Amino acid sequence: MPESQNLMKELNFDPSQGLQFGMYTLGDHLPNPADGSRVSAGERIREFVAYATAAEEAGFDFFSVGESHQEYFASQAHAVILGAIAQATSSIRVGSTSTILSTSDPVRVFENFATIDHLSGGRAELVAGRASRVGLFELLGYDLRDYEELFEEKFDLLLQIARKESLTWNGQYRAPLTDAAVIPRPAQETFPIWRAVGGAPTSAIKAGLAGVPMVMAHLGGTTSVFKTTIDAYREGARHAGYDPATLPIATAGFLYTAPSSQDALKELYPHVNEGMRRVNGQGMPKQLFAQSVDPRSIVNIGSPQEIIEKILHQHEVFGHQRFLGQIDFGGIPFDRVMKQIETIGSEIIPAVKKYTAQPAADSDGTSAPAEPTSGDGETAGTKSEELV
Amino acid sequence: MRIVVLSGSNVGTKTRTVMEYVTQAVMSFDPDVEVTLIDLAEADMVFSDGRNFTEYSGDTGRITRTLMDADAIIIGTPIFQASIPATLKNVFDLLPTSAFRDKVVGMVATAGSPKHFLIPAQQLTPILTYMKAQVVQPYVFVEEKDLHRNQIVSSDITQRLDRLVEDTVVLTRTYTAIREEREAAYGF
C-alpha cells in the first residue's frame, strides 16, 4: 500500500489561488532566423537568469530550465544555472524541466537540488525525464539500449532518497548504498519531485502508478487528445491505491502572444520552424502550425484574450494545477522575450488565476476537487465572455 | 530539385545496374536536377537504435541526412523472401515517422521471376505512405531476363524507367508548386 500523503497540500497547490503559471526554457541556444545571429553561450546563460527575475516580477509562480547536452543548447549544467536563479530571485519557485536522470547519479542530483532548495529558501523543484534527444547517452557513457531501465531504476532510487534520511539500496546501474545518508536534506519538508511525460499515455501511467506528480509536455495537437494521457495518469494512480485528487498535474508547451493570432503566427513561426529543424532535423509544417491558433488546439499561441480562453478550456478539460509556457525557443531576441513576459504577466496571468480559482477548501482540505466536475453548466466560453 | 536514387540491396548487382540507369535517365531528362546515387552495398550502415537521424555519424549519418534533404527519392529494391531486404527496411527504421513529408517517392523492384510482382504495392507502398510520401503510383518491375551482364537489355524496361523518372520529376514540381501556393496563403 502506498504511504498516505496529500502532495496537493504538501506542495501547496491551493485551489483558491487558481491555476499556477510558469515559464520554462529548454536551454536552447539557437540563432535568430531573421539574420542568423546568435548570442554567445555566456550571454544565453545570463538570459535565463534575467528571464527568471523578470518572470518573478511579472507574477509567474514557477521558472524552470531544461538539461540538454547537444549542439544548439547552453543548459548542460542546468543545476548550476538554477543555483544562480535561486540567488537572483526571492519568491518564484525554481525547477528543472527536465533533469535527465538516466545519465546522472541520483545521489548527486539530489545533493544538487537539495542545495538549490537551501539557496532559494525552499523554492526548488525537480522534474525528472528520460531525454527526447538521446545524444547524451554516448557523451556521458551510457548504452541507449538501457534507455527505459536506466530511468526507472534511477527514478525509483531518487524517490527513496527523497523519502528516507538514510537508505540501503542495491541496483544494476549504480554502486550499492549501505545505510547511506544523502545530505544535505532539503529545506522543504516534502521536496517536490515530478515525472516528465511526453504526449503518450505509457509514461503517464508509470507516473500514476508511482503516485508521482506529472509534467505533461505537448508540442501540438488538440486538447481532447491529451485528455487521454491525463486520464491514464489518474487511472494509474487509482490502480496503485493513490487518490488522484491528491496528485498535482502540470502541462507544458509553447506560449506566445501578439495583438492578433495572425501576428503571433507570423512572429513565432520562423523560430519554431528553424529551431525544430536544427534540434530535431525536421521543421514544423505551416499547415500544422496554422492550426495551433484554433481554440481546440493545446498550443497557447494567439492574442492575450485567445490564450486566456484556451488555457481556461484546457483547465476545464484537464483540471490541472500548473501550466508552463515555453516562451524563448528558437533564438527569439532577448527584448522580445522580456516583452512577452511582461504582457503575459499583466494581461494573461491575472485573468487565468481569477477564472480558475475555486472556493476555498475545508480546513482539512479534503473537499478540494482536483478533477473537473461535469454538468456545472459553466464553460470556458461563458467564463471568458465576462472578460470582454 | 534534389533527387536521391537509392539502391537498396547488399547482394548482387541487378538493383545497382537498374538504379545506375535511373540516375542517368534523371540527368538526361533534366540536367538541372541534382541527382545522387546511394548504393547501400557500398555503405557501412549501423542498425537503427532509436536515436534521431541527426545523431548518427559515418555513412549512416551521411545517408540519412542526404535522404532527408531530398525533394524526391527513387528507391530500387530486390525481392528477398517475398519482401524488401533488411538493408532497405533499416533505412526506413533510421528515419523519423514523417521523413517523407513533402517528398515524392518512386519505386523500382528487381526480381528473379514475375511471381512477386505485387510486393512493392503490398509491402513497400504502406511503409512509404505511413512515412507521408507522395508515392508515384506506377512502379517498374524488372526481371532477371531483362538484364544481361550488368546491362538492361529490354527496351520495354528502359522506356518504363524513363516514364518513372519523368513522372517523379513532374510530380515533384507539381507538389512543390501546390505546397508553395498553400504556404503563401497562410500569410505567415
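**View 1. A:Ala252 stands opposite A:Leu324 in the predicted model.** These two residues bring together two strands of chain A: A:Leu324 belongs to E12(A), which covers residues 322–326. Strands E10(A) and E12(A) pair in the parallel sense, and five bridges connect them. Keep an eye on A:Ala252, as A:Val215 also touches this residue.

**View 2. Strand E10 of chain A is buried along residues 249–257.** How many of its nine residues are buried? Nine of the nine are, so strand E10 is largely enclosed by the rest of the structure. Here the reasoning rests on a simple count: a residue is called buried if 20 or more other C-beta atoms lie within 10 Å of its own.

**View 3. E10(A) also pairs with strand E11 of chain A.** Strand E11 spans residues 300–302, and three bridges hold the pairing, again in the parallel sense. To find your way, look for A:Tyr256, which stands opposite A:Ile301 in E11(A).

**View 4. Strand E9 of chain A runs parallel to E10(A).** Four bridges join E9, residues 214–217, to E10(A). One place to look is A:Met214, whose bridge partner in E10(A) is A:Ile249. Which helix does the chain pass through on its way from E9(A) to E10(A)? The path goes through helix H8, residues 223–239, and this β-α-β crossover is right-handed.

View 5. Leaving aside residues up to four places away in sequence, A:Val215 touches several others, including A:Thr97, A:Val127, A:Trp194 and A:Ala250.

**View 6. Stepping back, chain A holds 13 helices and 12 strands.** Its radius of gyration is 20 Å, close to the 21 Å that the globule rule gives for 388 residues, so chain A is as compact as a globular protein of that length. The C-alpha atoms fill a box of roughly 60 × 50 × 40 Å along the principal axes. Buried residues make up 49% of the 388 residues in chain A. Of the contacts between residues at least 6 apart in sequence, 77% join residues at least 24 apart.

How values were computed: Residues are numbered from 1 along each chain as its sequence is written. Chains are lettered from A and ligands numbered from 1 in the order in which they are written. This is a predicted model: local features need pLDDT of at least 70, side-chain atom pairs count only at pLDDT 80 or more; totals for chains, interfaces and linings use all residues. The radius of gyration is taken over C-alpha atoms; the globule rule is 2.2 Å times the number of residues to the power 0.38. A residue is buried if 20 or more other C-beta atoms lie within 10 Å of its own, exposed if 12 or fewer, and partly exposed in between; C-beta atoms are placed from the backbone. Two residues are in contact if their C-beta atoms, placed from the backbone, lie within 7 Å. Two strands pair if DSSP finds at least two bridges between them. A crossover is right-handed if, with the strands pointing away from the viewer, the path from the first strand over the helix to the second runs clockwise.
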